[in-house]
Structures are given as C-alpha cells and as structure tokens.
Amino acid sequence: MSEVIVETQNLRKYYYLKGEVVKALDGINLKVVRGEYLSIMGPSGSGKTTLFNMIGALDRPTSGRVVLEGRDLSTFSDYELAIIRCHRIGYIFQTFNLINVITALENVEMPMMFAGVPKSERRKKAKELLELVGLGDRINHRPTELSGGQQQRVAIARALANDPAIVLADEPTGNLDLATGRSIIMLLKKVSTERGVTVISATHDLKMIDVSNRVVWIRDGKIEKIRRREELIVDAGMIEGMEL
Amino acid sequence: MRVDIVGSRQKAVAIISLARGESRSEAESYAKQLIEQYRHVKSVLLRASPRTGEYRLREYEVIAGDPDTEVIHIEHGYKLALDPRRVYFSPREAYERQLVAEMVSSGEKVLVMFAGVGPMCIAIAKRRKVDVVVGVEISRVAWEYMVRNIRLNKLPNVRAVLGDVRFVCPFLKGVFDRVLMPLPLEGALYLDLAVDTLKERGVISLYGLSGYSGEELVNKVSEEMEELNVEWGVIGKRRVATYAPRVYKFRVDIEVKLK
C-alpha cells in the first residue's frame with residue numbers, strides 16, 4: 001500500500017467577517033500518498049487556497065488536524081512549523097517570487113543556505129536542480145534575463161532544494177501563456193514521477209487534469225468530489241458544467 | 001521567512017520578513033549568512049512594522065552591515081535609485097511592471113498617479129516609444145528619487161510632478177490616453193480624477209485588493225464608475241500578488257469613453 005504523506009482529518013477553518021461565520025473549510029478529509037500529483041480545483045471562494053495554506057503549514061485550522069509524514073502539525077509550535085516549512089515543504093507561486101538581483105543559481109541555493117547545507121554541497125545541488133529543470137545553461141542569468149516560463153522553472157528548482165516531502169504549487173501557470181503553462185505542468189509531472197515528489201496544486205487550469213493522479217473539487221469548504229485521472233473524461237460538456 | 005533583495009551586483013540591501021514562530025536571533029543569523037554568501041549584500045534590514053501612512057512606509061531595523069541603505073536597484077535593464085527605508089518600493093512587482101509596459105502603445109500619453117520613485121514610469125518609457133509619461137508623487141523624498149531616476153535612465157519624455165493627485169490632476173484634464181493607479185488600498189477613491197485626465201477615450205489601470213476572483217474590486221469599480229457620466233467597461237483583470245491571507249492585489253483595466 002502507498003505511503004500516506006499528508007492527511008487532513010475533519011479539517012475546519014472558520015472566519016468571522018462582519019459578525020458572520022464564514023466556513024472556509026468545513027470538514028475536509030483527504031489522504032495524499034507519496035509521489036502523487038493532486039490538483040485542487042473549485043470556484044473562487046470555494047476554500048481551495050485555504051486548504052492549500054493548511055497543508056502548507058501557512059495557517060492553522062479552527063479544528064481538525066493536518067498530519068504530515070505522520071506528525072500532527074496542530075501540536076507543533078510556531079517555531080517548529082517554521083522548521084517544517086523550510087525543510088519539508090517546497091512552494092511554487094503564480095508570481096514566481098524570485099529575487100531579481102541574484103542569479104538563478106543563487107536563488108536555488110538560498111533555501112539550502114537557511115537550512116544549513118554547506119556551501120559546496122548546496123552549489124552542486126543547485127546546479128543539478130537547474131539542469132533537471134532544463135536551465136543548465138542559464139545558471140548565472142538573473143530572473144529578469146529569463147522568460148516567464150524559465151523563471152517558473154527556477155522556482156521549481158528552488159522548491160525542490162531541500163528535498164521536500166511535498167511541493168505546493170499555487171496557480172503555477174497563472175502568469176504563463178498556454179504553451180509555456182503546459183511545459184511547466186509537464187515538468188512538475190516529471191519531477192513528481194522521477195523523484196517521487198508529491199505535488200499538490202491549487203489551480204483553475206484544466207490542463208492540470210491531464211497530469212493529475214487525482215483531482216479534488218472543493219465547493220463551499222467541502223469536498224464535492226474526488227476523481228482519479230482514469231475516471232475523468234475531459235470533454236467539452238464536462239468542462240462547461242464544472243463552473244470553474 | 002521571506003527575503004527580498006533590492007539593489008545591484010555592486011551594492012544591495014536584503015530585507016528579511018519573519019514568519020510566525022521565527023525569532024529575531026534567527027533573523028540575525030540569516031543576516032550574517034546573507035552577507036557572507038552574497039558579497040554585494042552590504043546591509044540587512046528586518047521588517048519591523050506594516051506599511052502605514054500617506055507615504056506607505058514601514059519601520060526597518062538594520063540588523064547587519066552598513067547603515068547606509070541607499071542602492072541603485074536594477075531590473076529589466078533600467079536603474080532605480082532608492083532607499084527602502086525612506087520610500088515605498090516593491091522589487092517583486094518587476095514582472096507586473098513589464099506586463100503593464102507591454103500594454104502601452106507607441107505615441108501614448110501616460111499618467112502614473114502615486115508614482116513613488118518612478119518604477120512604472122521608467123519601465124514604460126524604457127520599453128515603449130511613448131509621447132510622454134507623467135508621474136505624480138506626494139512624498140518629496142520619493143519624488144526626488146524619481147527625478148534622479150529619470151536622469152539615470154536618460155528618459156527626457158518622463159516628467160516627475162511633486163504633489164497630491166487631488167490638486168495636480170485638475171490641471172491635467174483631457175490629456176492622457178492611459179492612467180495607472182498603483183495605490184491598492186484606496187486608489188478607487190480617485191477614479192473620478194483619473195477619468196477627468198483622459199482624452200475622449202482611454203484606459204485606466206486601477207490596483208486594488210480583493211478576494212481570489214477579483215470580484216470585490218470589480219464591484220467597487222462599478223460603484224465608483226456608475227457615479228460618473230461616462231461609458232466604461234472592464235477589459236482586463238489580473239491577480240498581481242498575494243497581499244495577506246485570502247487577500248490579493250489585483251489590477252483591473254477599465255476602458256473609458258466620454259459621453
């Protein structure tokens with residue numbers, strides 16, 4: 001049986017807005033296994049980004065648990081969560097969030113520096129990772145000298161720097177054109193398959209369906225449906241009916 | 001922890017923002033490593049407050065290196081002199097500035113309200129053969145940097161105006177093809193001023209805060225625009241960055257035609 005890497009148990013997140021309770025997440029139960037590529041989809045305000053933030057130890061639930069590699073994150077102090085974020089979770093953002101005045105290589109090295117990896121080791125690994133994402137000949141370029149797709153590739157290499165248990169990708173193709181977005185998705189799929197990295201992506205992008213092992217649809221803070229890729233028939237009728 | 005670096009390969013300042021659970025002593029340790037690793041990083045600042053006030057400034061502490069934090073920031077081939085402790089500037093929006101510059105056509109007259117040290121004005125003038133770009137800024141310090149940046153980049157078709165848009169814009173009626181309003185917290189309040197500065201037809205790019213879909217900002221734009229006697233429509237919308245949990249900075253592009 002596949003190893004469960006992250007699990008949410010009856011996860012709830014409530015906010016209080018102008019005296020009203022907003023149930024951003026309302027009892028989410030989900031298990032994600034090692035090496036899985038999971039897409040979280042749903043209309044705006046459905047709770048997918050909130051779920052993403054909970055799994056990424058960026059926010060705490062009102063009740064319920066997030067268990068990452070067998071450890072219940074709700075029992076962790078803020079300091080311990082910071083350590084988890086640094087060592088066990090890689091993040092990819094729609095807006096790349098690279099530092100423009102240092103090179104691609106230095107951007108990839110930075111999380112390793114904060115994790116205490118020795119200089120020679122982190123340089124070697126950063127080079128390997130940039131080669132993995134197809135930028136072996138661009139390691140000394142700064143982000144502003146790279147295209148949007150190349151910048152997102154650097155961000156993927158950076159996300160992998162500390163050998164995370166999971167990579168969280170928040171709309172990774174949102175800033176890219178169709179063809180570049182597709183190449184980024186294929187790259188994420190490749191690292192997921194070849195390196196056994198678990199990828200969880202919050203997305204509106206239907207191209208993600210092609211590469212996802214499972215797709216989770218969230219609506220009103222609840223899981224509306226979960227489908228394995230083989231269960232998905234991506235045709236125009238279905239897409240039209242999804243209200244993405 | 002979040003790290004930004006502002007500057008160039010000659011001199012740069014790193015800015016550390018701590019996440020919940022991270023301590024000042026960790027920041028100091030990271031600061032030391034940053035200065036060792038990146039030789040061009042001469043100072044490290046620790047973010048000590050949220051942005052507040054008319055000039056959108058925040059408190060910083062120098063936790064390592066040189067207390068002189070003025071730098072020449074380089075992005076996409078242009079230079080911006082600035083001191084992150086004295087003016088508002090976001091290096092993370094370099095890509096957005098490029099996208100905005102690409103929207104501008106040759107020969108346009110462009111107004112940038114709340115122009116800061118001039119990054120948007122300069123990005124546009126560097127990329128497009130515009131007629132003129134006018135930047136209006138209320139902070140004297142930021143305006144002085146904008147003037148310096150125009151010279152640094154040799155862009156005679158960029159003008160820097162010191163003043164409050166409420167008093168400057170009435171002198172610029174009917175002049176511009178495009179108005180940019182990069183003030184996310186209250187830019188929408190100035191839409192009437194922006195409309196007045198447009199020619200018969202034009203585009204306003206308004207920045208604002210919204211939930212994931214941007215709907216709240218579009219609704220706010222609708223409320224404000226309905227008050228004005230113009231034809232208008234939203235022609236574009238882009239989520240620019242995450243501002244806070246569940247809050248995003250959006251750009252909404254509004255086409256306006258005077259009746």
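## Reading the model

A residue counts as buried when its relative accessible area is under 20%, as exposed when that area is over 50%, and as partly exposed in between, using a 1.4 Å probe and protein chains only. By that rule A:Y91, at 15% relative accessibility, is buried.

Welcome to a predicted model, in which local features need pLDDT of at least 70, side-chain atom pairs count only at pLDDT 80 or more, and totals for chains, interfaces and linings use all residues. Residues are numbered from 1 along each chain as its sequence is written, chains are lettered from A and ligands numbered from 1 in the order in which they are written, and side-chain values use heavy atoms, with hydrogens and water left out.

## Confidence in chain A

The predictor's confidence in each residue is called pLDDT and runs from 0 to 100. Chain A has an average of 88, and 95% of the residues reach at least 70. Helices (H or I, at least four residues) and strands (E, at least two) are DSSP runs numbered from the N terminus. In chain A, strand 4 (residues 63-68) has the highest mean, 96, while helix 8 (residues 236-241) has the lowest, 43.

Over residues 235-244 of chain A, pLDDT stays under 50. Where pLDDT is low, the predicted coordinates should not be read in detail.

## Aromatic rings

Rings of Phe, Tyr and Trp (its six-membered ring) pair if their centres lie within 6.5 Å; planes under 30 degrees apart are stacked, over 60 edge-to-face, and the rest tilted. Over all chains, the whole structure holds 4 aromatic pairs. One of them is stacked, because the rings of A:Y91 and A:F93 have planes at 15° and centres 6.3 Å apart. A:F93 is partly exposed, at 29% relative accessible area.

Another pair, A:F114 with B:Y30, is edge-to-face, with 4.5 Å centre to centre and 65° between the planes. This pair joins two chains, because A:F114 lies in helix 3 (residues 104-114) of chain A and B:Y30 in helix 1 (residues 24-37) of chain B. Both A:F114 and B:Y30 are buried.

## Charges over rings

A charge sits over a ring if NZ of Lys or CZ of Arg is within 6 Å of the ring centre and within 35 degrees of the ring normal. A:K225 lies over the face of A:W217, 4.6 Å from the ring centre. In chain B, the charged end of B:R239 sits over the ring of B:Y248, at 5.6 Å from its centre.

Technical notes
Contact = heavy atoms within 4.5 Å.
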